[in-house]
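Please look over the model below before reading on. My comments come as numbered points.

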Amino acid sequence: MDTKEQTTLLLPADNIDMQPTRRLGGTGKKKLAYITFAVLIALVLIAISVLSLAVQRASFPATSHVYQSTRVYHRTPPPSPTPAPIQPLPNTLQGDIDTLTAHNRFFYNGNINLPEIALTFDDGPNPDNTPQILNILKKYRIHATFFDLGRLVELYPDLVKQEIAEGNVVGNHTWSHPDLPSLAPDAIQAQIKDTYNTLLKVTGIRPIFFRPPYGDLSAQTLKIVNYFGLSTVVWNNDSRDWSMPGTSQIVTGVLNSVNNGTIILLHDGGGNRLQTIAALPTIIENLLARHFRFVTLAEMAAHAQVQPNQPTPTPTAPLYHQQFFVWQREFYPGCWRLS
Ligand code: ZN
């Protein structure tokens with residue numbers, strides 16, 4: 001027998017002696033295979049998580065981790081189906097507001113248990129102001145809601161398309177900004193319907209939010225708004241930027257009354273908005289530093305209903321990790337279940 005043959009013959013016996021696992025029965029082998037498989041899967045999942053975190057960090061400017069988390073959180077929600085009118089409405093102003101509020105179709109603010117803020121810009125689109133505001137939103141990787149006037153949508157359709165393309169929401173602010181309660185029902189309907197159709201034609205998206213000029217409402221107005229399946233959104237934080245009180249006054253006024261679910265009223269149209277544009281970065285940076293998240297009204301409305309017993313999130317919590325997992329859950333459902 002030559003050396004080669006000896007080796008061949010000896011090897012199986014050596015293997016049995018040297019590898020105690022071979023002494024395990026079929027169940028033991030299976031167990032070992034399961035453990036090896038589980039460890040491999042765990043390693044792959046950890047690698048995926050680390051890689052996606054690295055990619056995510058690399059795609060954001062290094063200025064603040066808060067900007068990163070905002071980007072992660074603000075994924076544009078899918079388009080909603082046309083909402084049906086709420087029936088019946090009591091046909092009194094307060095009764096209608098109460099009924100619509102109970103159906104999440106009327107908002108002064110968002111969910112008071114969530115650290116969410118909605119920036120809203122009225123009376124545009126405006127070729128001087130709107131692009132500058134869009135640039136600021138883009139710089140901070142946040143989104144807002146624009147309540148546009150139908151006649152300006154017709155004049156500047158590309159600006160409206162840009163608002164949408166950059167992840168913002170566009171709502172109906174009537175055709176020409178009249179005081180609606182002073183108009184006949186047909187005229188109210190025309191103001192809302194013409195804007196609705198023009199927005200739909202220009203953007204391809206059915207508007208779902210409405211804001212009355214000056215915040216003025218009547219039961220008749222709400223009946224027509226409800227007929228179009230629109231949700232009415234007013235505000236609970238008025239920057240009064242339209243009165244041009246000075247940049248620092250706008251900043252202080254807004255920041256002094258911000259809470260969970262605040263809807264901030266600002267303007268990108270209706271005149272010179274240089275003070276608004278100058279105030280905006282300070283407002284955004286301050287609120288991001290306080291761990292508020294900027295959401296569109298679509299997101300705010302989607303989060304309006306809180307489940308009973310849901311714990312109240314703390315705005316000072318380290319949101320980055322929390323939001324990373326929200327993001328991860330969308331792409332890697334398996335990871336979420338394991339974690
Ligand atoms: Zn307005």
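1. Ground rules. This is a predicted model, in which local features need pLDDT of at least 70, side-chain atom pairs count only at pLDDT 80 or more, and totals for chains, interfaces and linings use all residues. Residues are numbered from 1 along each chain as its sequence is written, and side-chain values use heavy atoms, with hydrogens and water left out.

2. Overall fold. The protein has 14 helices and nine strands. These are DSSP runs, numbered from the N terminus: helices are H or I with at least four residues, strands are E with at least two. Of the 339 residues, 44% are buried. Buried means under 20% relative accessible area, exposed over 50%, and partly exposed in between, with a 1.4 Å probe and protein chains only. Take the contacts with a separation of 6 or more: residues 24 or more positions apart account for 78% of them. A contact is heavy atoms within 4.5 Å.

3. Zinc site. Which residues donate to the zinc ion? The protein donors are Asp123 (OD), His173 (NE2) and His177 (NE2), at 2.0 to 2.1 Å. Donors are N, O and S atoms within 2.8 Å of the metal (3.2 Å for Na, K and Ca); water is not among the atoms, so sites may look incomplete. The sequence spacing is D-x49-H-x3-H. Asp123 sits in strand β2 and His177 in the loop between β4 (169-172) and α8 (185-203), so the pair ties together parts 54 residues apart in sequence. Asp123 is buried at 12% relative accessible area. His177 is buried too, at 17%.

4. Helix pair. The axes of α5 and α11 (residues 274-289) come within 10 Å and cross at roughly 15 degrees. Axes are lines fitted to C-alpha atoms, for helices over the stretch in contact, with angles from 0 to 180 degrees between N-to-C directions. The angle makes α5 roughly parallel to α11, a label for angles under 35 degrees. The contact uses Gln132, Ile133 and Ile136 of α5, and Ile277, Leu280, Pro281 and Ile284 of α11. By class, six of these residues are nonpolar, one is polar and none is charged. Here Ala, Val, Leu, Ile, Met, Phe, Trp, Tyr, Cys and Pro count as nonpolar, Asp, Glu, Lys and Arg as charged, and the others, Gly among them, as polar.

5. Helix α4. Its buried residues are Gly95, Asp96, Ile97, Thr99 and Leu100. They pack against β1 and α9 (219-227). Asn104, with a positive phi near 55 degrees, follows α4.

6. Most residues other than glycine have a negative phi, and most peptide bonds are trans. Where does Asn104 lie? Asn104 is in the loop between α4 and β1 (106-107), and is partly exposed at 21% relative accessibility. Arg141 also has a positive phi, about 55 degrees, although it is not a glycine. Arg141 lies in the loop between α5 and β3 (145-148). Its relative accessible area is 25%, so Arg141 is partly exposed.

7. Cis peptides. A cis bond joins Gln87 and Pro88, with omega about -10 degrees. Pro88 is in the loop between α3 (65-73) and α4 (93-102). Another cis bond joins Gly124 and Pro125, with omega about 0 degrees. Pro125 falls in the loop between β2 (116-124) and α5 (130-139).

Terms used
Parallel < 35°, antiparallel > 145°, perpendicular 65-115°, else oblique.
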